[in-house]
Amino acid sequence: MTVNTARHGLLWHLRIALLETRFQFLSSLRLPAFAVPTLLFPLFFYFFFAVLFQAGGPSLTGPTYMLATYGVFGVLAPSIFGFGVGLAQERDTGALLLKRTTPMPTAAYLFARVGTAAIFGAVVVLALFLLAGFAAGVELHRGQWFSLAGVVLAAALPFSAVGLAIGAWAKQQAAVAVVNLVFIAMSVLSGLWFPISMLPGFLQDFANVFPAYHLGQLALRTIDLDLGRPLWFHLALLAGQTAVCLAVAAAGFRRFSGR
């Protein structure tokens with residue numbers, strides 16, 4: 001009896017989570033101000049810098065490098081904006097409070113937000129891979145393609161934690177500005193738009209505080225273009241940064257709920 005109840009509970013939670021993911025994805029897709037930049041900006045930047053700018057170049061190192069970093073960039077936007085802006089709007093408009101009166105578990109809501117970011121990220125990654133392979137001439141081993149895709153899509157988790165921390169504290173009016181500031185700072189200072197070696201030394205050291213830097217390096221590691229730091233270094237700092245963001249978000253939720 002207990003086993004059947006547990007199975008029913010697990011299936012019910014999974015069904016609710018998948019339904020909420022579907023609704024969140026369709027809702028985001030119907031917002032051109034969110035969907036269009038999220039899907040097109042990484043592709044536009046890659047096409048401009050890796051295809052047009054590198055056309056006829058003697059090496060494929062640039063397009064291959066940018067495939068990894070722009071892949072991470074493509075997951076950053078839906079993750080941080082989906083949580084940072086979407087959560088703040090739902091909280092201040094009362095939609096989040098309404099959701100809390102329903103039987104939907106909190107985990108299902110969080111799963112849906114991360115899942116939506118991952119779906120948008122998967123679309124961007126697939127388009128980037130096609131663009132890189134057919135237009136930029138990038139050639140990777142099959143294992144490298146899959147490893148790179150795995151690392152890039154996994155970036156939705158730590159990036160969502162950053163967005164969650166922002167959305168839990170920022171007011172609706174300020175959330176867009178705060179998220180844009182964090183988004184641009186992480187993209188530039190983490191080496192996602194151009195190689196981090198082009199930045200001054202002190203800024204290269206400062207990049208360690210950003211999850212985007214470590215995820216970019218992990219993505220570059222799959223194609224042997226990273227800076228050579230050990231795997232444990234990036235994973236340890238990513239775990240710590242994600243934990244800090246989740247703790248900040250939890251404190252924000254406690255303040256919101258009045259506990």
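Trainee: Okay, axes are lines fitted to C-alpha atoms, for helices over the stretch in contact, and angles run from 0 to 180 degrees between N-to-C directions. At what angle do α5 and α6 cross, then?

Mentor: Keep in mind that this is a predicted model. In it, helix α5 (residues 106-134) and α6 cross at roughly 150°, and their axes come within 10 Å. The crossing of α5 past α6 is right-handed.

Trainee: Which residues meet there?

Mentor: From α5 you get Ala 118, Gly 121, Ala 122, Val 125 and Phe 129, and they meet Trp 145, Leu 148, Ala 149, Val 152 and Leu 153 in α6. Nine residues of that contact are nonpolar, one is polar and none is charged.

Trainee: And α3 with α6, at what angle do those cross?

Mentor: Roughly 30°, with the axes of α3 and helix α6 (residues 142-154) coming within 9 Å. α3 passes α6 in a right-handed crossing too.

Trainee: Which residues of α6 does α3 meet?

Mentor: Trp 145, Leu 148 and Val 152. On the α3 side you'll find Leu 67, Ala 68, Gly 71, Val 72 and Val 75. That contact divides into seven nonpolar residues, one polar and no charged.

Trainee: What about α3 and α10, how do they pack?

Mentor: Helix α3 (residues 61-93) packs against helix α10 (residues 211-221) at an angle of about 140°, and their axes are 9 Å apart. That angle makes α3 oblique to α10.

Trainee: Is the crossing of α3 past α10 left-handed or right-handed?

Mentor: Right-handed. In α3, Tyr 65, Ala 68, Thr 69 and Val 72 do the meeting, and in α10 their partners are Ala 212, Leu 215, Gly 216, Ala 219 and Leu 220. Seven of the residues in this contact are nonpolar, two are polar and none is charged.

Trainee: Switching topic: how much space lies in the largest pocket?

Mentor: About 600 Å³.

Trainee: How many residues line the largest pocket, and which lie nearest its centre?

Mentor: There are 26 lining residues, and Ala 33, Phe 34, Phe 81, Gly 82 and Val 85 lie nearest the centre.

Trainee: Which helix gives the largest share of that lining?

Mentor: That's α3, with eight residues. α1 (2-29), α2 (32-52), α3 and α8 (172-189) each supply at least two residues of the lining.

Trainee: How many of the lining residues are nonpolar, polar and charged?

Mentor: The lining has 15 nonpolar residues, eight polar and three charged.

Note on methods: Residues are numbered from 1 along each chain as its sequence is written. This is a predicted model: local features need pLDDT of at least 70, side-chain atom pairs count only at pLDDT 80 or more; totals for chains, interfaces and linings use all residues. Side-chain values use heavy atoms; hydrogens and water are left out. Helices (H or I, at least four residues) and strands (E, at least two) are DSSP runs, numbered from the N terminus. Angles under 35 degrees count as roughly parallel, over 145 as roughly antiparallel, 65 to 115 as roughly perpendicular and the rest as oblique. A crossing is left-handed if the near helix is turned anticlockwise from the far one by less than a right angle, and right-handed if clockwise. Contact means heavy atoms within 4.5 Å. Ala, Val, Leu, Ile, Met, Phe, Trp, Tyr, Cys and Pro count as nonpolar, Asp, Glu, Lys and Arg as charged, and the others, Gly among them, as polar. On a 1 Å grid over the protein atoms alone, a cavity is a set of points where a 1.4 Å probe fits but cannot get out, and a pocket is an open set with protein on both sides within 12 Å along at least five of seven lines; lining residues have an atom within 4 Å of a point. Grid points are joined across faces, edges and corners, and a volume is the space filled by probe spheres set on the points.
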